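Have a look at the model first, then read on.

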Amino acid sequence: MANNTGDNSINQILDLDALPMILQQIHQEVINEYGQGNVADYIPGLAQVDPQQFGMALRTVDEQEFTVGAADTAFSIQSISKLFTLMLALDIVGEELWQRVGREPSGMRFNSLVLLDSEGGIPRNPFINDGAIVVTDVIAARSAAPARRIEEFIASLSGNDSNRIDQQIAAGEQATGFRNVAIANLLKGMGNLEAEVEQTLDCYFKQCAITMSCRDLARAIECLANRGKSHFKSSFHAEKMDKRINSLMLTCGLYDAVGNFAYNVGLPAKSGVGGGIVAVCPGQYTVAVWAPELDRYGNSVLGQLALEKLTSYTHTSIF
Ligand code: DON
């Protein structure tokens, strides 16, 4: 299905003519697999989502977009927001960030507290909750209206001003986020939170509650496939960030399921419990997929399957 160069090259280039058919095929195949996971049920705003939905959007670095299914339906981005706050925090403080957060996979559930205490209050990486809360704290401590700043940053990256915080979901996160409250207090107690606990958590809960579609997510991460360049936001200093952030997504983006994901899909990616996954094929394309049924790791079942099929059918795994 992909271009065959005939020279055994492993660097496959996407065959754009074949792509619409490939996406249709993936759609048909994955919807036969509905019913293998459960939607997140810790807040009504997520529990009430129809579990059997699927959307996918792929955007090439030269701005061609291919979609299938519910690619324009907005959903709760949840932990995918951690990718955007990492970009923003790196834009604000640069490499200094790494004095407060590590760059190693944790092998633990995304909201685990186990390592944080024994490792001196330095979270393993910016994508597990403790690390993401530190990243958000960088922004919270340096902004007059931090939640608004994050919201506007994400909206501008996607070129769509309607990508905003869903206040009902944010309130649900606030009401049920006991583990995150514990994490933030532990971080504060260990000297790794600058802003007030409530202020940083307020931002964290709100960033998780931003809603976006697959199409907008694929647009918003364009800089990661395109050497830092984005057609939507020009004032953001994304140069060199693609190498850094893609490596962190590859090693930490799907938490304690990241090894299997790298094995099956072979792209840097970030997931969220709203059922979204974004992934990057450096130099070629970005892709976002959404299907709300989750596996026990909190990652979309059909989303992972669709991405596995995509890189297999197009031979565009980075490996
Ligand atoms: O912090 C939490 O628990 C959620 N609001 C976000 C978690 C999440 O999306 C984890 N990713 N799969």
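This is a predicted model: local features need pLDDT of at least 70, side-chain atom pairs count only at pLDDT 80 or more; totals for chains, interfaces and linings use all residues.

Residues are numbered from 1 along each chain as its sequence is written, and side-chain values use heavy atoms, with hydrogens and water left out.

**Where the ligand sits**
- Domain 1 (19–78 + 211–314) and domain 2 (80–208) both contribute residues to the shell around the ligand, so the ligand lies between them; the bounds come from an automatic or database domain assignment.
- Around the ligand there are 14 residues, with Q78, S79, E173, Y204 and V273 coming nearest (a heavy atom within 4 Å counts as near).
- By type, the shell has six nonpolar, seven polar and one charged residue (Tyr counts as nonpolar, Gly as polar, and Asp, Glu, Lys and Arg as charged).

**Polar contacts** (N or O atom pairs within 3.5 Å)
- Y204 places a polar side-chain atom 2.6 Å from a ligand oxygen atom.
- Y255 has a polar side-chain atom 3.1 Å from a ligand nitrogen atom.
- At G298, a polar backbone atom is 3.3 Å from a nitrogen atom of the ligand.
- The protein buries 95% of the 340 Å² that the ligand exposes when taken alone (Shrake-Rupley method, 1.4 Å probe).

Conventions. A polar contact is a pair of N or O atoms within 3.5 Å; within protein, one must be able to donate a hydrogen and the other to accept it, and residues adjacent in sequence count only if both atoms are side-chain atoms.
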